[in-house]
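Subject: Structure handover

Hello,

Here is the structure I promised you. Please open it first, then read my notes below.

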Amino acid sequence: MHRPIITLVAALALSSFGSAAQKSGKVWWPQFRGPNSSGLGEGRPPIHFGPDQNVLWKTAVASGLSSPIVWEDRVFLTEVDQPNKQLSTLCIDRRTGKILWRRTVAPEQIEKVHELSSPAGATPATDGESVYVYFGSYGLVSYDLNGNLQWEKRLPLPENPYGAVSSPIVAGELLVLNHQGKDAYLLGVNRRDGRTVWKTDRSMFQYGWSTPVHWRHDGIDEIIVLGGDFKPNQRLMAYNLSDGAERWWVGGLPPSGKSTPVIGDGLLFLAAPDIILETAAERKDPDRAAKFYEKNAARVMAVSPGTTGEVNQANIAWSERRGVPGVPSPLYYNGRLYTFQNGGIVFCRVAKTGELLYTARLGVPGYYYSSPVAADQKVYIASEEGAVVVLDAGEKFNVLATNKLDGTILATPALVDRNIYVRTENLLYAFGK
């Protein structure tokens, strides 16, 4: 199977956590893809930046795939020290790039992951009071913002062949985790003490990688999780936040769901790719590859929420097979839905109807694992090879800048104020004016 089958990333937009992300009237970047995983920031990040342009600071960081999160004057991410079998949480001063503290845990065993994945793959989450981290090799850990340990909850190894990369989220008083592997479940714990509030079996989706989504509709708070296994007939599932009970689902999805859904216009947007072949296999036997792809069930969809049980066809606002990303999550912005495919191909649609406004090549080929983010009428998308392309967020395709950094990019950038924070393979950059 192709490298994009791994999951390195995994998108939300409201609720109590959304309001928490806006304390003091400012929108912070408190989890994977920012406020409610929407990928949407505020302020005016720079369009042009690079190793020698608009650099506020750069800080050396160890190996890891977690994306930076930002709260007030602090940036958090995680690292792994494979030789010493240590996993660390890192806090960096947002103004200077100075490391304020590093806290380390030492698991008995480091999980085995794909060569492109990492034991430090899940992105931390914060509510402005604590920072919460998840390591597949260790479990959940909570620190206060000064690095003091508050609680930890040891969890068994997930035994996920590509690595545990689904990130925890804060939803009201709960910390919610999609525990992925042979022992698969959705876990809700009290964010203040780590006590288990509920635990829901997800054995149908052993190897799911999607970060949960929290939304509220019809007076009920729900957690949405996209299934992702190697078996057919996967589902997007909705659970009751209060007790973890199943509520409704979308069935018949392909077996490789990795990204996180996003919310907008009262709809859920999801991207569900199917298994694809290695490039070498495609070139070796094009006819066989063509027959293989005839049965490809990949799709990008817009779904209205259900009530209970499987949603009917009337709840599917639209469904398309073109423009399905391998790993990056979709981006909903200004009534439009953006998806990005390997090779540097962008699809822009009218979110409510699925009407294709344009598809185009970014001019930066290669693989894409980082998810798109947006602010100030601009969309930012990073390629594995280290280029961050900036698009005008309008109805027509317009590349504003292509910024080349000096390292691989697999993590998703953070947008806060007039800055963009980008993690490469060994550096965390803060760009701004």
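Tyr-185 has Asp-201 in β13 as its bridge partner. This is a predicted model: local features need pLDDT of at least 70, side-chain atom pairs count only at pLDDT 80 or more, and totals for chains, interfaces and linings use all residues. Residues are numbered from 1 along each chain as its sequence is written, and side-chain values use heavy atoms, with hydrogens and water left out.

Now the strands around Tyr-185. Strands here are DSSP runs of E with at least two residues, and helices are runs of H or I with at least four; both are numbered from the N terminus. Two strands pair if DSSP finds at least two bridges between them. Strand β12 covers residues 185-190. It is joined to β13 (residues 196-201) by 5 bridges, and the two run antiparallel. Their hairpin has 5 residues between the strands, and Gly-194 there takes a positive phi near 80°.

β12 has another antiparallel partner, β11 (residues 174-179), with 6 bridges between them. Leu-177 stands opposite Leu-187 in β12. These two strands also form a hairpin with 5 residues between them. In its turn, Gly-181 has a positive phi of about 150°.

Is β12 buried or exposed? Buried: 6 of its 6 residues are. (Buried means under 20% relative accessible area, exposed over 50%, partly exposed in between, with a 1.4 Å probe and protein chains only.) In a regular strand the side chains alternate between the two faces of the sheet. Tyr-185, Leu-187 and Val-189 are buried on one side of β12, and Leu-186, Gly-188 and Asn-190 on the other.

Next, an open sheet. It has 4 strands in the order β1-β33-β32-β31, with antiparallel pairing. The edge strands, β1 (55-60) and β31 (414-416), each pair on one side only. 3 bridges join β31 to β32 (residues 419-423). Ala-414 has Tyr-421 in β32 as its bridge partner.

Last, the whole protein chain. It has 3 helices and 33 strands. Its radius of gyration is 20 Å, close to the 22 Å that the globule rule gives for 433 residues, so the chain is as compact as a globular protein of that length. (The radius is taken over C-alpha atoms; the rule is 2.2 Å times the number of residues to the power 0.38.) The C-alpha atoms fill a box of roughly 55 × 50 × 45 Å along the principal axes. Of the 433 residues, 64% count as buried.

Best wishes
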